[in-house]
Amino acid sequence: MSDWETFRRPQFYVRDAGTPGDITHQFKANVVYDLPFGQGRRFGSNANTVLDRIIAGWQVGLSSRIQSGRLIDLGNVRLVGMTANDVRDMFKLRFDDAGKKVWMLPQEVIDNTILAYSVSPTTASGYAGASPTGRYFMPANGPDCIEVDNGADYGECASRSLIVTGPMFQQHDIRVSKRTRIVGRIDFEFAAEMLNAFNQANFVPVGDRFTTSNIGSTLANYEVTTLTGTNTSRVIQIVTRLNW
């Protein structure tokens, strides 16, 4: 938790999100299984030397990581036509097959939020273009309330901090290997590895603090364009090694 205070306002606490924040759930597994073939094993225990070098030394490995999405702080914004729980439910990946793009919020919310952030002091409505309708975010500052602590993005006019959860992360690596003894303790290892075996796309969500990132007024800032993970796409590789 982080605390924010000033001589003009009482102290209050805001939950950390983003890089210093936490992940609610995480599961990790690293499993290695030696196949039971060859001399001294369940199957082929009486195999001769030639057959043993063919059937023995096989190994299958799996390394997996599955976790809930990282926390995102949408910042000190006002909500119109929706609640904080509504925002948490709608904050998820949306795939635009026609435009081949990925977004984090419904299109109507994006469009109206852009209108709400396009303000103008010289128009009767207060907006540079059409007035927003329906569901949208709007700046904390408004005619009825001016943020005294606006520089810290945690004033008193709006929600101060709106924490949502990004998309789930998962990645699985698979390895199949064969060790063949040459002489004594020396053996030759051959392995085939599939990193990110299921070609899982793990997207980095957008939305950190509407007010400071200017995401509220620019359409491109709602688009998800970055992937994360050790391998962002499937990688297949062959590994050879001499052990002694």
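A nonpolar surface patch of about 850 Å² is formed by Ile182, Val183, Ile186, Phe188, Phe190, Ile238, Leu242 and Trp244. In such a patch, residues have over 30% relative accessible area and no salt bridge, and nonpolar side chains are joined within 5 Å; a salt bridge puts a side-chain nitrogen of Lys or Arg within 4 Å of a carboxyl oxygen of Asp or Glu. Areas follow the Shrake-Rupley method with a 1.4 Å probe. This is a predicted model, in which local features need pLDDT of at least 70 and side-chain atom pairs count only at pLDDT 80 or more. Residues are numbered from 1 along each chain, and side-chain values use heavy atoms.

Strand 11 (169-183), strand 12 and strand 13 (235-243) each give two or more residues to the nonpolar patch. Strands here are DSSP runs (E, at least two residues), and helices are runs of H or I with at least four. Strand 12 provides the largest share, three residues. Trp244 sits in the segment after strand 13 and is exposed, at 79% relative accessibility (exposed is over 50%, buried under 20%, partly exposed in between).

Turning to the rings, two aromatic pairs are counted. The centres of Phe37 and Phe43 are 5.7 Å apart with planes at 35 degrees, so this pair is tilted. Rings pair if their centres lie within 6.5 Å; planes under 30 degrees apart are stacked, over 60 edge-to-face, and the rest tilted. Phe95 and Phe203 make an edge-to-face pair, at 5.9 Å and 65 degrees. Phe95 lies in strand 7 (residues 94-96) and Phe203 in the loop between strand 12 (186-195) and helix 4 (210-213), so the pair ties together parts 108 residues apart in sequence.

Technical notes. Phe/Tyr/Trp six-rings, centres within 6.5 Å; stacked < 30°, edge-to-face > 60°. Patch = residues over 30% accessible without salt bridge, like charges linked within 9 Å, V, L, I, M, F, W, Y side chains within 5 Å. Buried < 20%, exposed > 50% of the residue type's maximum accessible area, 1.4 Å probe, protein only.
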